[in-house]
Amino acid sequence: MAVIRKVRGFEPEIAEDVFLADNATVVGDVKIGRGCSVWFNAVIRGDVNSIRIGEDTNIQDGSVLHTLYEKSTITIGNHVSIGHNVTIHGADVKDGALIGMGATVLDHAVVGEGAIVAAGALVLSNTIIEPGSLWGGVPAKFIKKVDPEQSKELNQKIANNYAMYASWYTEGE
């Protein structure tokens, strides 16, 4: 069963239909919207500041979301895919964005709507990634604009897959 823990008087608020893998951890000042999934070994640690996750977003295996005490928060929009082993630390990820496997997004960075952060990228603090753009590398740099329809289609496919995967675990419960 997932670890859901109250810290400093803050208890996570998790929509009723959210899938939480057995060893996912959600702590403190965290709100997770409808239709989301939080996968194996993912940690959403709202012990020092707030973390807000919209609807139909997937936080994949091994990802860690955390903030700076009294200095940064995390806001993740709707229909966002956070790949395996991603670290998001005090950043803002807008609707429809995709954060590739193993990427790191640091404090006060903003990932625009429909943007893609490539696998393994390091998005430095205070970086602003424009909507509909692809960034990659260490440190992450602009690569190209992406077709908004292709980006939306890709992210919708990933979201649909993760909704299906979650159903495999919840059928018969």
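Modeller: Before we start, one term: buried means under 20% relative accessible area, exposed means over 50%, and partly exposed is in between (1.4 Å probe, protein chains only).

Colleague: Okay. Is Ile-59 buried or exposed, then?

Modeller: Ile-59 is buried, because its relative accessible area is 1%.

Colleague: And where does Ile-59 lie?

Modeller: Ile-59 lies in strand E7. Strands (E, at least two residues) and helices (H or I, at least four) are DSSP runs, numbered from the N terminus.

Colleague: What does Ile-59 touch?

Modeller: Not counting residues up to four places away in sequence, Ile-59 touches several residues, including Val-38, Trp-39, Ile-44, Leu-65 and Ile-82. Contact here means heavy atoms within 4.5 Å.

Colleague: Where does this model come from?

Modeller: This is a predicted model, where local features need pLDDT of at least 70, side-chain atom pairs count only at pLDDT 80 or more, and totals for chains, interfaces and linings use all residues. Residues are numbered from 1 along each chain as its sequence is written, and side-chain values use heavy atoms, with hydrogens and water left out.

Colleague: Back up a bit. How many helices and strands are in the chain?

Modeller: The chain has one helix and 20 strands.

Colleague: How much of the chain counts as buried?

Modeller: Of its 173 residues, 49%.

Colleague: What are the spans of the C-alpha trace?

Modeller: About 45 × 40 × 20 Å along the principal axes of the chain.

Colleague: Switching to Thr-57. Where is its place?

Modeller: Thr-57 is in the loop between strand E6 (43-53) and strand E7 (58-59). Thr-57 counts as buried, because its relative accessibility is 1%.

Colleague: What lies 2.9 Å from a polar atom of the Thr-57 side chain?

Modeller: That's the backbone oxygen of Gly-77. Gly-77 is also among the residues in contact with Thr-57 once neighbours within four places in sequence are left aside, and so are Cys-36 and His-79.

Colleague: What about His-66? Which strand is it in?

Modeller: Strand E8, residues 64-66. His-66 is buried because its relative accessible area is 13%.

Colleague: Which side chain does the His-66 side chain make a polar contact with?

Modeller: The side chain of His-89, at 3.4 Å. A polar contact is a pair of N or O atoms within 3.5 Å; within protein, one must be able to donate a hydrogen and the other to accept it, and residues adjacent in sequence count only if both atoms are side-chain atoms.
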